[in-house]
Amino acid sequence: MWKPGTDFRTMKCLTHPLLRRLLDLSPQCVLGGLSQSECPILSPKQSSLRQSCSTRPRLVTATDVVKYWQKVFETNGIPEARESSEYILAFVLGAKTFQSLNSKSLHTPLTAAQQEQIQQLSNKRLERMPVQYVLGEWDFQDLTLKMRPPVFIPRPETEDLVSLVVEEESQKCEKNSGLCFPVSVSHPVILEIGCGSGAIALSLLCKLPQSRVIAVDKEKAAVDLTRENAHRLQLQERIHILHHDVSYNSAKQLLLWGPTDFIVSNPPYVFHEDMASLDAEILRYEDLDALDGGDDGMRVIKTILALAPSLLKDSGSVFLEVDPKHPNMVENWLQAHPNLLLVLRAIHKDFCGKPRFLHIQKQSR
């Protein structure tokens, strides 16, 4: 877990002597001179290396810049320094990853415009802005989605939540195909509660071409970003996006296409007492309401489960991403509310081996 850091002064250009030291260069500028007060935070030893600049520019390659900014990020206590510098450089060069760049790209001198863009983006990272916001986009499943603060950034493990829903729908289709009487093609209706950037909803639309999705979020910024991403991916015809705060009286507004086959959500599930220890990147930039699950981390989870019976078809399913402490808590809560007719069918682990995803099913009356 990253620790909250201090405020950092911004970097104005790639001319600091630290770059020359890293690259074993003569004391000359990359772009031009800067004063001591304009430089990033450096150790006394590094600061003593300041030298005057000549007017003749030195050609700088992608590899040079990654090494330089990695060192600057490390000196300023920025987590994932190497990854941050590589993502920024790759983005400026139009690539997804630094590793995908060929040798020519890595050793071709950068233009002044490219160096300026790298500086601007790196300045933001020095202020502990998450890389996803710095770049303004991020990949989830096979989609490239727009990102901007304070809308919640989808995490890698949440891709598994999408896969679980797709797998369950595939199993249903296989079961129906084995019946001796004809069954109509499945057109599942999916409700996502807390859509954020639209990562889950839009991934499901792509993975399940016959599906339709209702995506709900109480924050207008999230609704607007989901709508923007849906249009960019040309999926707007199959998704209905609602600016709506889900509550115990919300069922009627959410049944736009009748009872749903699936409810899926990555709800706020962080225990309130743990909020203060979150990374500086999260505390400064992301919507904390999208993380804070209340005293037991189950404030929104309980609302979803209480609504589920009135929203789901018989044998419909709820898929939730939760804290590893929640599976037993959710099971006990369901047992204490038998009138809901919900049963915990499965607990799935994330790629770290922690219990993270719940499959809950509605029983027939």
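These notebook entries record what I looked up in one predicted model.

**Ground rules.** I worked on a predicted model, in which local features need pLDDT of at least 70 and side-chain atom pairs count only at pLDDT 80 or more, while totals for chains, interfaces and linings use all residues. Residues are numbered from 1 along each chain as its sequence is written, and side-chain values use heavy atoms, with hydrogens and water left out.

**Entry 1, the sheet.** I began with the strands, taken with the helices as DSSP runs numbered from the N terminus (helices H or I, at least four residues; strands E, at least two). I found an open sheet of seven strands in the order β5-β4-β3-β6-β7-β9-β8, with mixed pairing, where two strands pair if DSSP finds at least two bridges between them. The edges are β5 (239–243) and β8 (342–349), each of which pairs on one side only. Neighbouring strands of this sheet are turned by 15° against each other on average, direction ignored; for such angles, axes are lines fitted to C-alpha atoms, for helices over the stretch in contact, and angles run from 0 to 180 degrees between N-to-C directions. Looking at one pair, I noted that β3 (residues 189–193) and β4 (residues 212–217) run parallel and are joined by five bridges, with I193 opposite V216 in β4.

I then asked which strands helix α10 (residues 220–232) touches. Helix α10 packs on the sheet against β4 and β5, and its direction makes about 165° with that of β5; contact here means heavy atoms within 4.5 Å. Helix α13 (residues 299–311) lies across β3, β6 (260–265), β7 (312–321), β8 and β9 (355–362), and runs at about 160° to β7. I checked the length of α13: at 1.5 Å a residue its 13 residues should span 18 Å, and its end C-alpha atoms are 19 Å apart, which agrees; the expected span is 1.5 Å times one less than the number of residues. Buried residues of α13 include I301, I304, L305, A308 and L311, where buried means under 20% relative accessible area, exposed over 50% and partly exposed in between (1.4 Å probe, protein chains only).

Within helix α10 I looked up T226, which is buried, with a relative accessible area of 0%. A polar atom of the T226 side chain lies 3.1 Å from the backbone nitrogen of G198, and this counts as a polar contact (a pair of N or O atoms within 3.5 Å; within protein, one must be able to donate a hydrogen and the other to accept it, and residues adjacent in sequence count only if both atoms are side-chain atoms). Leaving out residues up to four places away in sequence, T226 touches C195, G196, S197, G198, L202, I239 and I241.

A polar atom of the D323 side chain lies 2.8 Å from the backbone nitrogen of K325. Not counting residues up to four places away in sequence, D323 touches Y269, F271, P355 and R356.

I found four aromatic pairs in the structure; rings of Phe, Tyr and Trp (its six-membered ring) pair if their centres lie within 6.5 Å, and planes under 30 degrees apart count as stacked, over 60 as edge-to-face and the rest as tilted. W69 and F73 form a tilted pair, 5.7 Å centre to centre with 35° between the planes. Being four residues apart in helix α3 (residues 62–75), W69 and F73 are separated by about one helical turn. W69 is buried at 1% relative accessible area, and F73 is buried at 0%. The ring centres of F262 and F319 are 6.2 Å apart and their planes stand at 45°, so this pair is also tilted. That pair links distant parts of the chain, with F262 in β6 and F319 in β7, 57 residues apart.

Strands β1 (residues 137–140) and β2 run antiparallel and are joined by four bridges, with W138 opposite L145 in β2.
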